[in-house]
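Me: I have a structure open and want to go through a few spots in it. Can you take my questions one by one?

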Amino acid sequence: MSTEPRLAEVAEPEPAQQAAPGTDQAVKETLEDYTLRFAPRSYRRWTPMVVATTALGGIAYMADFSIGAGIGLAHGTGNALLAIAVAAVVIFVTGFPLAYYGARYNIDLDLITRGSGFGYFGSVLTSVIFASFTFIFFALEGSIMAQGLKLGLGLPLWLGYLVSTLMVIPLVIYGMTALSKLQVWTTPIWLLLMVGPLVYLVATDPGTVDRFLAYAGTDGDGGINTASVLLGAGVCLSLIAQIGEQIDYLRFMPPKTVANKRSWWTAVVMAGPGWVVLGALKQAIGVFLAVYIIAEVGASAAPEPIQQFKGAFDAMMPSWLVVPLAVVLVVISQIKINVTNAYSGSLAWTNSFTRVTRRYPGRMVFVLVNLGFALALMEADMFSFLNSILGFYSNCAIAWVVTVATDIGINKYVLKLSPHAPEFRRGMLYAVNPVGVVAFVAASGLSIAMYFHALGDALQPYSPVAAAVIAFVLTPLMAVVTKGRYYLRRTDDGIAEPLLDEDGNPSAVAYECHVCRQQFERPDVAACRTHDAVVCSLCLSTDKVGDHVLPAGV
């Protein structure tokens with residue numbers, strides 16, 4: 001089947017102008033955020049550095065300080081720093097191919113996952129896992145903010161949890177446009193408040209460095225222990241799914257050209273896998289501040305970022321300014337990350353729901369769903385058992401990210417069994433691809449069993465290693481066994497216009513969807529099964545009877 005549907009008469013319209021008069025909010029909303037679809041060139045008008053700054057603003061979370069402190073207190077500084085470094089290397093290596101595909105082809109991690117070994121419905125499972133990541137970390141950041149509000153304003157924790165949840169809703173409503181402004185303008189203040197105390201303590205009291213390096217932890221003797229390093233790395237690796245939130249911004253990168261290739265690559269590396277450099281630094285600072293707080297205040301307050309920075313500020317400024325600045329830092333950090341958590345979580349939930357039910361209810365419904373889950377976790381005091389939650393969760397996240405990264409790096413570029421360009425449209429993909437699904441289920445299932453001591457106490461610390469190794473081995477093995485036959489249900493989408501332009505970027509040629517009458521760029525449409533026209537990816541997703549979905553074939 002090969003047709004050449006009518007090109008849109010007006011190329012590259014503004015997103016706000018695409019919706020016809022009377023179009024309901026759900027349609028306007030998906031045109032603003034491109035919730036379930038490719039992000040068109042007509043919308044991607046930010047420079048690479050603005051996109052990178054916005055993406056990096058989303059990692060302003062305080063959880064790193066708590067994670068680092070928890071590992072350091074349990075296993076000692078040496079083991080903690082090694083654990084942080086090991087996790088950072090794994091996160092960087094696996095995050096690079098995902099960030100490149102998100103920025104190059106302008107799709108989010110769920111759409112990348114569909115065409116990288118999981119299939120159209122197979123990636124629903126990983127979407128739910130990613131949505132869980134966002135509300136777990138929203139709850140963690142909300143708990144930290146509630147601790148700050150209690151210290152600064154005397155609010156009870158339950159009320160602080162509610163305030164930290166409700167305050168992000170107005171910002172999340174407006175999607176990428178509002179988030180880019182928020183992240184760019186708040187980042188300099190956040191950096192100053194975070195780095196300033198550390199520099200001051202090291203410069204005025206070098207003894208803090210000696211105490212930090214010599215700290216042995218409650219479970220160790222100060223020596224390096226492989227089990228302690230791997231247990232700590234497992235907690236840090238729970239953050240491996242953060243690359244999904246980075247891609248939610250990187251998908252809005254402008255096309256890569258000869259003129260901008262240096263700034264384009266810098267932005268992709270810095271805001272993609274490079275986020276972990278700042279993340280690892282914050283975790284190390286968390287260990288440093290926790291050791292400092294133990295010496296000055298006591299161990300009970302050491303894991304709480306609000307107490308860490310209160311103690312640091314107390315050493316460098318008047319007492320009347322200490323609490324307000326600590327609270328400002330916590331509030332800015334919480335807002336910067338939790339608008340991202342709420343935004344990315346709503347995209348993940350919407351993706352899953354729409355594919356399963358073939359109904360698009362609007363992204364804001366799932367903003368509220370995600371916030372509801374997060375608030376329930378906060379009220380259950382999840383902060384008190386943080387490392388247990390993250391240690392368990394990391395097994396699922398590692399298995400997923402390593403599977404997709406391996407499919408891109410090995411199956412696409414080495415074995416060439418996986419299609420080079422990512423595919424995400426319904427009708428073009430099989431419902432389930434055993435390559436990614438089998439590798440992910442086996443890796444996560446076995447590693448979770450190890451984590452809960454099912455295979456013995458001696459193997460328990462190695463669960464994150466097992467998740468990564470099994471996913472890395474099984475993904476290409478399954479591709480070879482299946483000969484790559486389950487990647488594409490058909491190779492021809494019925495449109496003669498190439499998907500990519502002469503620079504290898506997604507084509508900007510615009511088409512009109514004959515179902516919703518909106519204009520969409522070439523990668524976001526396919527030929528209709530029953531009409532001489534094209535249909536956009538969202539209308540294909542919500543086609544309940546499959547009238548517009550191309551049949552299996554060429």
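Reply: Helix 3 passes helix 13 in a right-handed crossing. Keep in mind that this is a predicted model.

Me: At roughly what angle do the axes of helix 3 and helix 13 cross, and within what distance do they come?
Reply: The axes cross at roughly 150 degrees and come within 9 Å. Helix 3 covers residues 48-57 and helix 13 covers residues 242-250.

Me: So how are helix 3 and helix 13 oriented to each other?
Reply: They are roughly antiparallel, because angles over 145 degrees count as such.

Me: What about helix 5 and helix 12, what are the numbers there?
Reply: Helix 5 (residues 77-105) and helix 12 (residues 226-236) have axes that come within 8 Å and cross at roughly 50 degrees. That makes helix 5 oblique to helix 12. The crossing of helix 5 past helix 12 is right-handed.

Me: Why quote both an angle and a distance?
Reply: Because two packed helices are described by the angle between their axes and the distance between the axes.

Me: Different topic. What is the phi of Asn106?
Reply: Near 60 degrees, a positive value in a residue other than glycine.

Me: Where does Asn106 lie?
Reply: In the loop between helix 5 and helix 6, the latter being 109-118.

Me: Is Asn106 buried or exposed?
Reply: Buried: its relative accessible area is 1%, and the cut-off for buried is under 20%.

Me: And Arg358, what is its phi?
Reply: Arg358 is not a glycine, yet it has a positive phi of about 60 degrees. Arg358 is in the loop between helix 17 (319-357) and helix 18 (363-379).

Me: How accessible is Arg358?
Reply: Arg358 counts as partly exposed, at 25% relative accessibility.

Me: Now the surface. Which residues form the nonpolar patch?
Reply: Leu446, Leu455, Leu459, Tyr462, Val465, Val469, Phe472 and Val473. Together they have about 650 Å² of accessible area.

Me: Which helix gives the largest share of the patch?
Reply: Helix 21, residues 463-482, with four residues.

Me: Where is Leu459, then?
Reply: Leu459 sits in the loop between helix 20 (434-451) and helix 21.

Me: What is the relative accessible area of Leu459?
Reply: It is 38%, so Leu459 is partly exposed. A patch residue needs over 30%.

Technical notes: Residues are numbered from 1 along each chain as its sequence is written. This is a predicted model: local features need pLDDT of at least 70, side-chain atom pairs count only at pLDDT 80 or more; totals for chains, interfaces and linings use all residues. Side-chain values use heavy atoms; hydrogens and water are left out. Patches are made of residues with over 30% relative accessible area and no salt bridge: like charges are joined within 9 Å, nonpolar side chains (Val, Leu, Ile, Met, Phe, Trp, Tyr) within 5 Å. Accessible areas come from the Shrake-Rupley method with a 1.4 Å probe; for residues, only the protein chains shown count as cover. A salt bridge is a side-chain nitrogen of Lys or Arg within 4 Å of a carboxyl oxygen of Asp or Glu. Helices (H or I, at least four residues) and strands (E, at least two) are DSSP runs, numbered from the N terminus. Buried means under 20% relative accessible area, exposed over 50%, partly exposed in between (1.4 Å probe, protein chains only). Axes are lines fitted to C-alpha atoms, for helices over the stretch in contact, and angles run from 0 to 180 degrees between N-to-C directions. Angles under 35 degrees count as roughly parallel, over 145 as roughly antiparallel, 65 to 115 as roughly perpendicular and the rest as oblique. A crossing is left-handed if the near helix is turned anticlockwise from the far one by less than a right angle, and right-handed if clockwise.
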